[in-house]
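Please keep the sequence and the structure in view while reading.

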Amino acid sequence: YTYLDEEMVADDPVMSYKEMMERDYRRFKLADEDYDAKLTFSEYTNFLHPEDAPHMREVVGRETMDDLDKNKDGSVSLEEYIGL
């Protein structure tokens, strides 16, 4: 994660604390396979490394898309992708 405050640095948008909490909540819910609101060791491993768990791979795509979609329009333009 980047910063924990709500400020934006010029030309370097950062994730707000609220956005980080939402991302972690979404990831936690997917990792918690037995729906007991607790993570076992293997569930926690999946939380930390979602790319290694087949049922967690969608969250990797969603988080990457969210990171690239700078104007938050739900799509990634070529400019956003290559960083223009």
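## A residue in a loop

E51 counts as partly exposed because its relative accessibility is 40%, where buried means under 20% relative accessible area, exposed means over 50%, and partly exposed covers what lies in between, as found with a 1.4 Å probe on protein chains only. E51 belongs to the loop that runs between α2 and α3. If neighbours within four places in sequence are set aside, E51 is in contact with R57 and V60, a contact being heavy atoms within 4.5 Å. The C-alpha atom of E51 is separated by 9.2 Å from that of G61, a residue 10 places away along the chain.

The model is a predicted one, in which local features need pLDDT of at least 70 and side-chain atom pairs count only at pLDDT 80 or more, while totals for chains, interfaces and linings use all residues. Residues are numbered from 1 along each chain as its sequence is written, and side-chain values use heavy atoms, with hydrogens and water left out.

## The chain as a whole

The protein chain has four helices and zero strands, so that its elements, read from the N terminus on, run α-α-α-α. Helices (H or I, at least four residues) and strands (E, at least two) are DSSP runs, and they are numbered from the N terminus. Of the 84 residues in the protein chain, 21% are buried. Among the contacts with a separation of 6 or more, 22% are between residues 24 or more positions apart.

## How α1 packs against α2

Helix α1 (residues 17–31) packs against helix α2 (residues 41–48) at an angle of about 140 degrees, and their axes are 9 Å apart. Here the axes are lines fitted to C-alpha atoms, for helices over the stretch in contact, and the angles run from 0 to 180 degrees between N-to-C directions. The two helices α1 and α2 are therefore oblique to each other, since angles under 35 degrees count as roughly parallel, those over 145 as roughly antiparallel, those from 65 to 115 as roughly perpendicular, and the rest as oblique.

On the side of α1 the contact is made by D24, R27, F28 and A31, which meet E43, F47 and L48 in α2. Sorted by class, the contact of α1 with α2 has four nonpolar, no polar and three charged residues. In this sorting Ala, Val, Leu, Ile, Met, Phe, Trp, Tyr, Cys and Pro count as nonpolar, Asp, Glu, Lys and Arg as charged, and the others, Gly among them, as polar.

E43 is found in helix α2, and it counts as buried because its relative accessibility is 4%. Leaving aside neighbours within four places in sequence, E43 is in contact with A31, D32, E33, D34 and K38. The C-alpha atoms of E43 and A31 are separated by 5.3 Å, although these residues are 12 apart along the chain.

N46 also lies in helix α2, and at 15% relative accessibility N46 counts as buried. When residues up to four places away in sequence are not counted, N46 touches E33, A53, H55 and M56.

## How α1 packs against α3

The axes of α1 and helix α3 (residues 57–68) come within 11 Å and cross at roughly 170 degrees, and α1 and α3 are therefore roughly antiparallel to each other. R23, R26, R27 and L30 of α1 make this contact with V59, R62, E63, D66 and D67 of α3. By class, the contact of α1 with α3 has two nonpolar, no polar and seven charged residues.

## The nonpolar core

What residues form the largest nonpolar core? This core has five residues, namely A31, F47, A53, M56 and V59, where a nonpolar core is a set of buried Ala, Val, Leu, Ile, Met, Phe, Trp, Tyr and Cys residues joined through side-chain atoms within 4.5 Å. In soluble globular proteins, nonpolar side chains tend to be buried together. Apart from neighbours within four places in sequence, V59 is in contact with R26, R27, L30 and P50.

## Positive phi values in two loops

A37 is found in the loop between α1 and α2, and its phi is near 65 degrees, a positive value in a residue other than glycine. A37 is exposed, with a relative accessible area of 60%.

K72 lies in the loop between α3 and α4 (78–82), and K72 has a positive phi of about 55 degrees although it is not a glycine. With a relative accessible area of 54%, K72 is exposed.
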